[in-house]
Amino acid sequence: MDILADNLRAYRKSKHLSQEELADMCDLHRTYVGSVERGERNVTLSSLETLASALGVSVPELLTKRAFEDDDIR
């Protein structure tokens, strides 16, 4: 699956945020966050920066393949 999609989902879940909560923090629609997590949408640099900021990570961290613990992704 897409690196961004995997990382976005894992970071969101590690912060115990729902898609709706993250979307509200970023002033985005919940369905947009869900479609990014499923790899169905491309994101703008602006949206990427907003999502990274809300999750407390850098843009490169969202775009870099990394190994998450199973608990982080569930």
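Four salt bridges turn up in this predicted model, taking a salt bridge as a side-chain nitrogen of Lys or Arg within 4 Å of a carboxyl oxygen of Asp or Glu. D6, R9, R12 and E37 are linked in a network of these salt bridges. As it's a predicted model, local features need pLDDT of at least 70 and side-chain atom pairs count only at pLDDT 80 or more, while totals for chains, interfaces and linings use all residues. Residues are numbered from 1 along each chain as its sequence is written, and side-chain values use heavy atoms, with hydrogens and water left out.

**Salt bridges**

- Side chains of opposite charge can pair when their charged atoms come close.
- R9 and D6 pair up at 3.6 Å, N to O; they sit three residues apart in helix 1 (residues 3–14), so about one helical turn separates them.
- R9 is buried at 16% relative accessibility, whereas D6 is partly exposed at 27% (buried is under 20% relative accessible area, exposed is over 50%, and partly exposed is in between, with a 1.4 Å probe and protein chains only).
- E37 and R12 meet at 2.5 Å, N to O. E37 belongs to helix 3 (residues 30–37) and R12 to helix 1, so this pair ties together parts that are 25 residues apart in sequence.
- Both partners are buried: E37 has 2% relative accessibility, and R12 has a relative accessible area of 7%.
- E40 and R38 form another salt bridge, with their closest N and O atoms 3.1 Å apart. Here E40 is exposed at 55% and R38 is partly exposed at 45%.

**Helix 1 against helix 3**

- Two packed helices are described by the angle between their axes and the distance between the axes.
- The axes of helix 1 and helix 3 come within 7 Å and cross at roughly 125 degrees (axes are lines fitted to C-alpha atoms, for helices over the stretch in contact, and angles run from 0 to 180 degrees between N-to-C directions).
- That makes helix 1 oblique to helix 3, given that under 35 degrees counts as roughly parallel, over 145 as roughly antiparallel, 65 to 115 as roughly perpendicular and the rest as oblique.
- L4, A5, L8, R9 and R12 of helix 1 make the contact with V33, V36 and E37 of helix 3, where contact means heavy atoms within 4.5 Å.

**Nonpolar core**

- In soluble globular proteins, nonpolar side chains tend to be buried together.
- The largest nonpolar core has 17 residues, and L8, L22, L51, L55, V57 and L62 touch the most other members (such a core is a set of buried Ala, Val, Leu, Ile, Met, Phe, Trp, Tyr and Cys residues joined through side-chain atoms within 4.5 Å).
- Helix 1, helix 2 (19–26), helix 3, helix 4 (45–55) and helix 5 (59–63) each give two or more residues to this core, and helix 4 gives the most, with four.
- Leaving aside neighbours within four places in sequence, L55 is in contact with L8, Y11, R12, K15, L17, L22 and L62.

**The chain overall**

- The chain has six helices and zero strands, with helices (H or I, at least four residues) and strands (E, at least two) taken as DSSP runs numbered from the N terminus.
- Buried residues make up 36% of the 74 residues.
- Among contacts with a separation of 6 or more, 62% are between residues 24 or more positions apart.
- The accessible surface is about 4600 Å², with 45% belonging to carbon and sulfur atoms (Shrake-Rupley method, 1.4 Å probe; for residues, only the protein chains shown count as cover).
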